[in-house]
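Hi,

Here is the model I promised to send over.

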Amino acid sequence: EAQRQIQHSVTSMRGAIIAAVALGGAALIAQAPATPQFRSSVDLVHLDVKKLGRIPDGGGWRAHGRAMGSTGVRKRQVLGFDYVHAAVDDHSRLAYAEIHPDEKGATAAGFLTRAAEFFAGHGIEIREVITDNAWAYRHSVDFRDTVTALGAKQRFIKPHCPWQNGKVERFNRTLQTEWAYRQPFTTNDARAEALAPWLKHY
């Protein structure tokens, strides 16, 4: 009976994940209708940013092959990158993600504020935040002030020890294989729009 309850909790949790995708300044939000309440014993949240090359209109090399050559390289350099900011609750694995054009401290701070609001809606109060040693997390005044405003403590992993932030690292790998690289998208917007439905299904 206990095992069935655990399996039910995990299934419900995976259906409650939300995505807020920044598209031209607007937010595309998707959330499953059922929203169970979670409670973490430590309320520790893992944060990270995943950098993805933007897709040129018509598709990149994944759609047309390596034959794109230097033209594909030039397009990628001009288009730049998307930065997927992600937060994962240590206890429940409940996750929140947004796409942004950068990984600056102010952006990370705003993301953390919205992530905290999301987790609060699921009965999770962020008491600790663990990150890698990226500049935005380690040196940004905006980010540090946001952590303080939440009444939380900030923790850092040891240099070159990404497994210490393993919950969000695992989420990032799944996000890449099941969303970002699942199919050859023909536009960057098409990939961004596919994030919210994937997170609902995740």
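Of the contacts (heavy atoms within 4.5 Å) in the protein chain between residues at least 6 apart in sequence, 71% join residues at least 24 apart. Bear in mind that this is a predicted model, where local features need pLDDT of at least 70, side-chain atom pairs count only at pLDDT 80 or more, and totals for chains, interfaces and linings use all residues. Residues are numbered from 1 along each chain as its sequence is written, and side-chain values use heavy atoms, with hydrogens and water left out.

The protein chain has 8 helices and 7 strands (DSSP runs numbered from the N terminus: H or I of at least four residues for helices, E of at least two for strands). Buried residues make up 44% of its 202 residues; buried is under 20% relative accessible area, exposed is over 50%, and partly exposed is in between, with a 1.4 Å probe and protein chains only.

Now the strands. In β4 (residues 81–89), 8 of the 9 residues are buried, so the strand is largely enclosed by the rest of the structure. It pairs antiparallel with β3 (residues 44–53) over 9 bridges (pairing takes at least two DSSP bridges between two strands). With β5 (residues 95–100), β4 also pairs in the antiparallel sense, over 6 bridges. Those two form a hairpin with 5 residues between them, and Arg93 in the turn has a positive phi of about 70 degrees. If you want bridge partners to click on, Ala87 goes with Tyr96 in β5, and His46 goes with Val88 in β4.

His46 turns up again at Asn165: their side chains are joined by a polar contact of 2.8 Å (a pair of N or O atoms within 3.5 Å; within protein, one must be able to donate a hydrogen and the other to accept it, and residues adjacent in sequence count only if both atoms are side-chain atoms). Asn165 is in the loop between β7 (153–156) and α7 (166–180), and is buried at a relative accessible area of 1%. Leaving aside neighbours within four places in sequence, its contacts include Leu47, Asp48 and Ile157.

Last stop, helix α6 (residues 141–149). Its buried residues are Phe143, Thr146 and Val147. They cover an arc of only 100 degrees around the axis, which puts them on the same side of α6 (the arc is that of the directions from the helix axis to the C-beta atoms). On the other side, Thr148 and Ala149 are exposed.

Cheers
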